[in-house]
Amino acid sequence: MLEKILIKDALSFEKTDLKFSRGLNVFTGVSGAGKSVLINAVLALFGLSQSDASLIEGDIKAKFSLDEFGILNENPNNFRVLKDKSTRYFINSQMISRQNLLTLTQNFVKFLGAKNTDEISSENLIFLLDFLISKSEPEFDKILADFRAEFKEFTEVKKELEKIENEENRIEELKEFAKFEIDKISQISPKAGEFDELMQIKKKLSKKDKINELWERAGQIFEFESSVTEALRISGLESSFFEDAMNELRAQKESLNLEELEGLDIEKILDRIEALSSLNRRYGSIEEALEILEKRKKELAHYEQISFEKAELEKKFEILQNEISNFLQKISEKRKKYARNLQNLINKYLKELYMDEISLEFLKCEISQNGNDEISVKMGATDFKNFSSGETNRLRLAFIATNIEITNKGAGILILDEIDSNLSGKESMSIADVLVKISKFYQIFAISHQPQLSSKADCHFLVSKIDGKSSVKILNENEKITELARMISGENITKEALEFAKKLLV
């Protein structure tokens, strides 16, 4: 829920600091006082509208998927909108884009002022219908789960078949390419580490003559070894360090193993290095070339057996298709059986709202994880998409109430902008009664010009404007009666209006 909101410099409001309750929060006041400015600020806090306020800040007690945006959840979460040259959005002091804000709160805030029909979508109706069926027949959940598992496998097999069919169209080209790469690598027949070994031999060969010449000259040191040792001994000096050094020198010389270079075919080595270099240039390294070789061999084997694989997949596809078809029939039969129940629940609320009944009509659509049923909503011969905004919003209320009754769930914020305008007293009271039921699950913010809805408010706010400055205050019981009486009889409040207002609050 939205616990409190701070608004600064919003048109006629200099500074407004409000605290809200759960349930139904209603704003009333004369036209032009600033009620829409306040509702607009609440919408702007969630990125649903633009506001002229320099600051809007609200504390919201709810958990969001903030970790997806690198933000930590707090209790409560602080939402802030700052407007200077541009509008910036923050959650818990971390900046967030408006688009991400909308994504984050799309399931938390419902605005019945925009022409949004999410509640009446076929997908939502299917969800409600399936939930309703499962309450009476729990085994229906297993049917749905089994269908979705089969549909997932069916989709994967279908993709594999499509892939094979695409490959078949260019099978010869793919086979030629695989063979070309296999031949190219196999002809050279590289071995892991071979290129580095040959490069070391090449380096030694390039320096062989120089190395031999220098070692021949350096070898003269061994002719003086005994003389040095004798000189050290006669001088009474330790000679072991010199002996160790000479032994190490011999070992290093022998490790050169220059004899192994004798008889090597230099041209052959250079040709081999060039061949391996061509593989390095094409594939990145000899190791990668060897990996490609194995990959192409597998691909070629696959292409050679593609007819067999296709036949196996087609057989599997046909089996799955039949199983899917059986599932679809069972699911559709159950949905059509219970559709009347869902329709009656919705119409119960529509009757309360003094609207005509709707009918749910089944159509077939492309198969998805929800089956192949599509549900359309009609009121007589009129599709709901052609309803007026007032009718659409009342229909949405009926759907929200139905959803709550079926699932016993609902959470978030519901924002209404003059949902009872231009309605009769009984129609306004019907909306109020439905909103009272919904307010047990949703926190509701509404502007009202009718006493019926306002009388049901858990928190009643009066918006006033004096000398061009707007203010808002929460009303106590006596102030509620006075405001309701004003809404009934106008500025000149009558005794009868006061009595009627008292009855509304009972």
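Residue numbers start from 1 along each chain as its sequence is written. In this predicted model, local features need pLDDT of at least 70 and side-chain atom pairs count only at pLDDT 80 or more, while totals for chains, interfaces and linings use all residues; side-chain values use heavy atoms, with hydrogens and water left out.

**Domains and the annotated region**

The protein is divided into domain 1 (1-108 + 411-475), domain 2 (149-317) and domain 3 (476-505); these bounds come from an automatic or database domain assignment. The centres of domain 1 and domain 2, taken over C-alpha atoms, are 70 Å apart. An unreviewed UniProt entry carries the annotation "coiled-coil region" for residues 144-184 and 239-348; such annotations may be inferred rather than shown by experiment, and positions are given in the numbering used here, with feature names shortened. Over residues 144-184, the chain is 98% helix and 0% strand, with 53 Å between the end C-alpha atoms.

**The antiparallel sheet**

Helices (H or I, at least four residues) and strands (E, at least two) are DSSP runs, numbered from the N terminus. Two strands pair if DSSP finds at least two bridges between them.

|---|---|---|
| β4 and β5 | 6 bridges | glycine 58 and phenylalanine 79 |
| β5 and β6 | 5 bridges | valine 81 and tyrosine 89 |
| β6 and β7 | 3 bridges | isoleucine 91 and glutamine 94 |

β5 and β6 form a hairpin with 3 residues between them. The hairpin of β6 and β7 has 2 residues between the strands, and asparagine 92 there takes a positive phi near 50°.

Another open sheet has 6 strands in the order β8-β12-β13-β3-β14-β15, and its pairing is mixed. β8 (109-112) and β15 (469-474) stand at the edges with a single partner strand each, so one side of each has no neighbour in the sheet. Strand β14 (residues 459-466) pairs with β15 in the antiparallel sense over 6 bridges, and isoleucine 466 stands opposite lysine 469 in β15.

Helix α1 (residues 35-45) lies across strands of this sheet, including β3 (24-28) and β13 (443-447), and runs at about 145° to β13.

**Helix α12 and threonine 407**

Helix α12 (residues 389-407) has 19 residues and reaches 27 Å from its first C-alpha to its last, close to the expected 27 Å; the expected span is 1.5 Å times one less than the number of residues. In α12, 15 of the 19 residues are buried. Buried means under 20% relative accessible area, exposed over 50%, and partly exposed in between (1.4 Å probe, protein chains only).

Threonine 407 is in helix α12 and counts as buried because its relative accessibility is 9%. Leaving aside neighbours within four places in sequence, threonine 407 is in contact (heavy atoms within 4.5 Å) with Phe127, Leu128 and Phe131. α12 is followed by asparagine 408, whose phi is positive, near 55°.

Technical notes. Axes fitted to C-alpha atoms, helices over the stretch in contact; angles between N-to-C directions.
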